[in-house]
Amino acid sequence: FLSQPESKQPDNPRMLDGDNNGDGLVAVCSLPHAGGVARFSPDGKHLALGSDDGTVRVAATGAAREHRTLEQLSVVPGATRTYSDHAKAINDVDFHPRSPVLVSASADCTMRFFDYASGAPRASRQCTDTHTVHAVAFHPSGDHLLAATEHHAIHLYDAATFRCYLAPQPSDHHLAPVADARWSADGSLFASCGGDAIKVWDGVTNRCVRTIASAHLGAPVNTLCFGGGGRTLLSCGADSCVRQWDVGSGKLLRVFEGAQQTRRTACCFSHDEALVLSSDEKTGELVAWEASTGAQQARYAAHSMPVRWLAHSPVEAVAVSCGDDGLVHLWASAYLL
């Protein structure tokens, strides 16, 4: 289990109901997991994990909170699904917004679709790209799929036919491989990052409407996360900063400092956007900042090695982290309300 927070606690923390013991951060489930990524379903009821060995796992969040080890979880009927279709590491996973379907993105240049409600042991569909796929994201309607790949152009797929669309203006493409791509909440916009640049795109015309050059002072931008109903954007870069941007103007709103980050890691909002969360690769800690001020609120000893990924449930105060120590922790926090 995770140790307790090492930083000073807020004067009046709001506490979680249920199994929180009042000490701030509680690990409710710890499972073996080889590196990878994690993401919650839109309703928060399922958690997907992708690992370096190509394995994809889907778990029922409620069951994981009640059964704290893999051995306990494995005996609960339907609580977990494990898929071994991919030949190489999983770089990203995403849930369909309306159907019990998960898509995975892999270094084997494929995206595979898993119907986790059916109990089928293998992917039901496969889309093969021309490049390693770094990130994947369903449109809020579920009809289209963004793929960030080793190619400098965004790959926008029709989810039914797998027809791929590129930006109509080649000059809009990134100048480096695309590391991440995310839709806004209403699908009217999407954002991407490649090299040291962030681009904002019209979700209908697939045209770039804004480029934020040298967004992290020349350091690579690794991951993105929309907030504020699509009005703001978080970016995590190798300059050891998380930055918040105004999508409409491209202006820098806030910088969240104090967490060393030199490689790909995630940043995210808490479910109510009161906090911004990321990790410190030097210490293996999770770091929480107040979203409205940028003030660092707490640091939590989470992993004995660098944190590979961090995600937060969109509906409740539950988070997940994956580490280089070969563990994934599911936790609830008094500070993530």
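Strands β22 (residues 268-269) and β23 are antiparallel and share 2 bridges, with Phe269 facing Val276 of β23 as its bridge partner. Pairing here takes at least two DSSP bridges between two strands, and a strand is a DSSP run of E of at least two residues, numbered from the N terminus. This is a predicted model, where local features need pLDDT of at least 70 and side-chain atom pairs count only at pLDDT 80 or more, while totals for chains, interfaces and linings use all residues. Residues are numbered from 1 along each chain as its sequence is written, and side-chain values use heavy atoms, with hydrogens and water left out.

One of the bridge pairs is Ser278 with Val287 of β24.

| Hairpin | Residues between strands | Positive phi |
|---|---|---|
| β22 and β23 | 5 residues | Glu273, about 65° |
| β23 and β24 | 4 residues | Gly284, near 75° |

Now for the largest pocket. Its space comes to about 1,000 Å³. A pocket is an open set of points on a 1 Å grid over the protein atoms alone, with protein on both sides within 12 Å along at least five of seven lines, and lining residues have an atom within 4 Å of a point. The volume is the space filled by probe spheres set on the points, which are joined across faces, edges and corners. There are 38 lining residues, and Arg39, Trp183, Cys225, Phe226 and Pro314 lie nearest the centre. Strands giving at least two residues each include β2 (37-40), β14 (178-183), β22 and β26 (307-312), but β18 gives the most, with 5 residues. By type, the lining splits into 20 nonpolar, 11 polar and 7 charged residues (Ala, Val, Leu, Ile, Met, Phe, Trp, Tyr, Cys and Pro are nonpolar, Asp, Glu, Lys and Arg charged, and the others, Gly among them, polar).

Ser313 belongs to the loop between β26 and β27, and it counts as buried because its relative accessibility is 2%. Its side chain reaches the backbone nitrogen of Val315 at 3.2 Å. Beyond residues up to four places away in sequence, Ser313 touches Phe40, Gly44, His271 and Val318, contact meaning heavy atoms within 4.5 Å.

Ser321 is in strand β27 itself. With a relative accessible area of 0%, Ser321 is buried. Its side chain makes a polar contact of 2.8 Å with that of His303; such a contact is a pair of N or O atoms within 3.5 Å, and within protein one must be able to donate a hydrogen and the other to accept it, with residues adjacent in sequence counting only if both atoms are side-chain atoms.

Asp324 sits in the loop between β27 (318-323) and β28 (327-333). Asp324 is partly exposed because its relative accessibility is 25%. A polar contact of 2.4 Å links its side chain to that of Arg263. The C-alpha atoms of Asp324 and Met305 are 5.3 Å apart, although 19 residues separate them along the chain.

Terms used:
Buried means under 20% relative accessible area, exposed over 50%, partly exposed in between (1.4 Å probe, protein chains only). On a 1 Å grid over the protein atoms alone, a cavity is a set of points where a 1.4 Å probe fits but cannot get out, and a pocket is an open set with protein on both sides within 12 Å along at least five of seven lines; lining residues have an atom within 4 Å of a point.
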